[in-house]
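Please read the following note with the sequence and the model side by side. It is set out as numbered points, each on one topic.

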Amino acid sequence: MAKRERRKNLKMQVNDALQSLCCFGQPKHAAKQAGIASQGIYSFGTYHTYQQQCHRYCEWVKAVHPGTKTLADARQYVDEYIATMIDSDLSPFTIKTATSALAKLYQCKTTDFRETPARSR
């Protein structure tokens, strides 16, 4: 008899997805020349930041849309999440970081999501 496979929650799915993108110790310069640098995470700091931002998104999805069980199902709520961040008057830098993390998680571009406020110094 086969063992019952445990279903992973959203945070575990995020960890697995980001872990599969890790390219620690590999030269990013060579990946840039090959045109595939955007497909991986080359820094521990970036990985940690993206993981935190994606976990915050998962907590928000769990609170606002409790029936969501998979990352694929949660994908449709990204624009709503970004709108919530904008309405909360968060820094444009914070919003852009979260958008970048979610784009990396879903392996798409940030332009696929809602437009974020402009950053200025």
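1. What pattern does the protein follow when read along the sequence? The pattern is α-α-α-α-α-α, and the protein has six helices and zero strands, where helices (H or I, at least four residues) and strands (E, at least two) are DSSP runs numbered from the N terminus. The C-alpha trace spans about 60 × 40 × 20 Å along its principal axes.

2. On the basis of the note: this is a predicted model, in which local features need pLDDT of at least 70 and side-chain atom pairs count only at pLDDT 80 or more, while totals for chains, interfaces and linings use all residues. Residues are numbered from 1 along each chain as its sequence is written, and side-chain values use heavy atoms, with hydrogens and water left out.

3. Of the 121 residues of the protein, 37% count as buried, a term that means under 20% relative accessible area, with exposed meaning over 50% and partly exposed lying in between (1.4 Å probe, protein chains only). Among the contacts (heavy atoms within 4.5 Å) with a separation of 6 or more, 58% are between residues 24 or more positions apart.

4. Leaving aside neighbours within four places in sequence, L105 is in contact with V14, A17, L18, C54 and L71.

5. With 21 residues, α3 reaches 30 Å from its first C-alpha to its last, close to the 30 Å expected at 1.5 Å a residue, the expected span being 1.5 Å times one less than the number of residues. The buried residues of α3, including Y50, Q51, H55 and W60, pack against α1, α4, α5 and α6.

6. E59 is found in helix α3 and is partly exposed, with a relative accessible area of 45%. The side chains of E59 and K11 are joined by a polar contact of 2.9 Å, that is, a pair of N or O atoms within 3.5 Å, of which, within protein, one must be able to donate a hydrogen and the other to accept it, while residues adjacent in sequence count only if both atoms are side-chain atoms.

7. How many aromatic pairs does a search of the whole structure find? The search finds five, where rings of Phe, Tyr and Trp (its six-membered ring) pair if their centres lie within 6.5 Å, and planes under 30 degrees apart count as stacked, over 60 as edge-to-face and the rest as tilted. The rings of F24 and Y47 are edge-to-face, because their planes stand at 85°, with the centres 6.0 Å apart. F24 lies in the loop between α1 and α2 (28-34) and Y47 in helix α3, so the pair ties together parts 23 residues apart in sequence. F24 is partly exposed at 26% relative accessibility, whereas Y47 is buried at 12%.

8. The rings of Y57 and Y81 also form an edge-to-face pair, with centres 5.1 Å apart and planes at 70°. This pair links helix α3, which holds Y57, to helix α5, which holds Y81, 24 residues apart. Y57 is buried, with a relative accessible area of 1%, and Y81 is buried at 8%.
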